[in-house]
Structure formats: structure tokens, C-alpha cells
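The dialogue below takes up a handful of features, one after another.

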Amino acid sequence: MDLSVTSREQGGRTVVEVGGEIDVYTAPVLRERLNDLVGEGRHHLVIDMEKVDFLDSTGLGVLVGGLKRVRSHDGSLHLVCTQEKILKVFRITGLTKVFPIHPSVEEAVAASSGGA
Amino acid sequence: MSAPEDPAPAHPLHSTGPVLLRFTALPEHVRTARLVAMAVARRAGLDDGVLEGVRLAVGEACGRAVQRTESAATDELVEVEVSATTRSLVIEVRDGAGDDGIETEDVALLLMAGLADDVSVTPGSGGPGGRTRLIWRV
């Protein structure tokens, strides 16, 4: 499987580092990991997409599902992404208005902790 | 008003005969279809920025075909045809789901429309919605 998902705690937030291709085949794996994290009580997520090489509409669906899930627990979901090809996917679908997207994990954690 | 004949493109593509791929409608094969389409598009001479769009749009079209086929519970193969003329790259994705294929979310169509110069979804051999055609022009 060409997808990796690891998580760590940083600044009181859960940073989820995703690498590889998020597509119709691998997206269910990411969905399961996000569901597990929220189930463990981790409601403030920062998803680091810098090592993501490919993202399709099913991947977007998983991220939107994750956002809904953490919000139902008064949580938050911030993204880290500077790659133009990935940002373009968010732009075309209008999701740049839905997700706070930051250039670095540090900035995402700070924004998330600031009550954003 | 009749449009004048389009002038030859400044950077014409390398014309190639069609490349045809048929695969079992499983999500794990969509990546293979993306790689094949990308390889033909690269061979034809499309720019790197456009290639990324081809990769994503073909993935969306194939993902849609796979999901339609799965929902129709048929074992029809999904077919991808890629061909290039000097003026355009044309990719057609066909499924045999017919009327039973449940439509996926609009996001896939939104992405394809945002990435290709032209997108059309028309009835295929198996019935409505079975043929997605993507065109990139130079």
C-alpha cells in the first residue's frame, strides 16, 4: 500500500503525518486512522500533507469526514500544505474555505492552539 | 459566423496511436490506470503541470467507473483509451455498469471539469453515464 500515516503529540495537538498517495484505494485506511484517533479522544488534529504525492476526491471526502467528526466533539482540524498540486485540488473544489491550511506544522499548531 | 481554421499549435503534441487498458473494476487498479495515462501524456509531450491534471482527472474518471461497476454488481471490465493528436490528448474511460451504476459525488466531476479543457459524460455500451471523455488541447 502506497500510503503512510503516523501520529505524534505536539503542543497539545495531535499531528498526523500522511505520506504517499491518498486515492480511492488507500483513502479507507486514512479514514480508519482518523476515526481511531478521534475515538481515543484526540479532537484537535493537525494533518501534515507535505509528503502526500497525490490526493483525489475520495481523499477529500475523508478529510471532510474527519473535520465533521472532530467538530462534533468541539475539536478542530488544521492542514499543513505548501505543494501547489495538492493545494490546487482544494482550490478547485472550494475547500480552501472549509479547511484552515498552513505552511508549517508549527504555524498550524499555533493557530489551532489560539482557538482558531 | 464561421470560425476560421485554427492555426497549427505553437508546440504540437507527438501524435500517437491509441493505447488501450482494460482492468477489473477494483480500486487498487486505478493507480495503474493513472500511471498508464500519465506515461502516454508524457510521451505526447504535455507539460509537467498539465500532466498532474491528467493524473488526477483520469483517477477521478476511473474511480467513478469502478464505483459504478461495483454498485451495479457486474464483472464488466473498465476500459481506458488514451490517444494523442498534434492538437490534443483525448482520454476515454468506459464502464459497463449501465443504469444500475450509482453516481458518485459531484466532487469528482468538479475536479475533472477544473483540470481538463473539456469533459463529457455520455451513455456507454452498458447504458447511461458509462463513458467519460476528457480532452486537453495545446
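Predicted model: local features only at pLDDT ≥ 70, side-chain atom pairs only at ≥ 80, totals over all residues.

Q: What share of the contacts in chain B is made by residues 24 or more positions apart?
A: Among the contacts in chain B with a separation of 6 or more, 72% are between residues 24 or more positions apart. As for burial, 41% of the 138 residues in chain B are buried.

Q: How do I read the packing of H1(A) against H2(A), and at what angle do their axes cross?
A: One looks at the angle and the distance between the axes, and then at the residues that meet. Helix H1 of chain A, residues 27–39, crosses H2(A) at roughly 10°, and the two axes come within 9 Å. H1(A) is therefore roughly parallel to H2(A). From H1(A) the contact uses Ala27(A), Leu30(A), Arg31(A), Leu34(A) and Val38(A), which meet a group in H2(A) that includes Thr58(A), Gly59(A), Val62(A) and Gly65(A). Sorted by class, the residues of this contact are 6 nonpolar, 4 polar and 2 charged.

Q: At what angle do H2(B) and H3(B) pack?
A: In chain B, helix H2 (residues 48–72) and helix H3 (residues 106–115) pack at an angle of about 150°, and their axes are 9 Å apart. An angle over 145 degrees counts as roughly antiparallel, and H2(B) and H3(B) are therefore roughly antiparallel to each other. Their crossing is left-handed. On the H3(B) side the residues are Ala108(B), Leu111(B), Met112(B) and Leu115(B), and they meet residues of H2(B), among them Gly53(B), Leu56(B) and Ala57(B). By class this contact has 7 nonpolar, 2 polar and 2 charged residues.

Q: Is the crossing of H1(B) and H2(B) left-handed or right-handed?
A: The crossing of H1(B) and H2(B) is right-handed. Helix H1 of chain B, residues 30–44, has an axis that comes within 9 Å of the axis of H2(B), and the two cross at roughly 145°. The residues that meet include Ala37(B) and Met38(B) in H1(B), and Val58(B) and Cys62(B) in H2(B). Here the classes are 10 nonpolar, 2 polar and 3 charged.

Q: How many residues does each chain give to the contact between the two chains?
A: Chain A gives 13 residues and chain B gives 16 residues. On the side of chain A that touches chain B, helix H2 (57–71) and helix H3 (84–92) each supply at least two residues, and H2(A) gives the most, with 4 residues. This side of chain A has 5 nonpolar, 4 polar and 4 charged residues.

Q: Which residues touch the most other members of the largest nonpolar core?
A: They are Val46(A), Ile47(A), Ala37(B), Ala57(B) and Cys62(B), in a core of 63 residues. The largest share of this core, 8 residues, comes from H2(B). If residues up to four places away in sequence are not counted, Val46(A) touches a set that includes Val15(A), His78(A), Val80(A) and Val105(A).

Q: Is His78(A) buried or exposed?
A: His78(A), which is found in strand E4 of chain A, has 24 other C-beta atoms within 10 Å and is buried. Leaving aside neighbours within four places in sequence, His78(A) is in contact with Val46(A), Pro100(A), His102(A), Ala108(A), Ala111(A) and Ser112(A).

Methods. Residues numbered from 1 in each chain as written. Chains lettered and ligands numbered in written order. Axes fitted to C-alpha atoms, helices over the stretch in contact; angles between N-to-C directions. Parallel < 35°, antiparallel > 145°, perpendicular 65-115°, else oblique. Left-handed = near helix turned anticlockwise from the far one by under 90°. Contact = placed C-beta atoms within 7 Å. Nonpolar A, V, L, I, M, F, W, Y, C, P; charged D, E, K, R; others polar. Buried ≥ 20, exposed ≤ 12 C-beta atoms within 10 Å, placed from the backbone. Core = buried A, V, L, I, M, F, W, Y, C linked by C-beta atoms within 7 Å.
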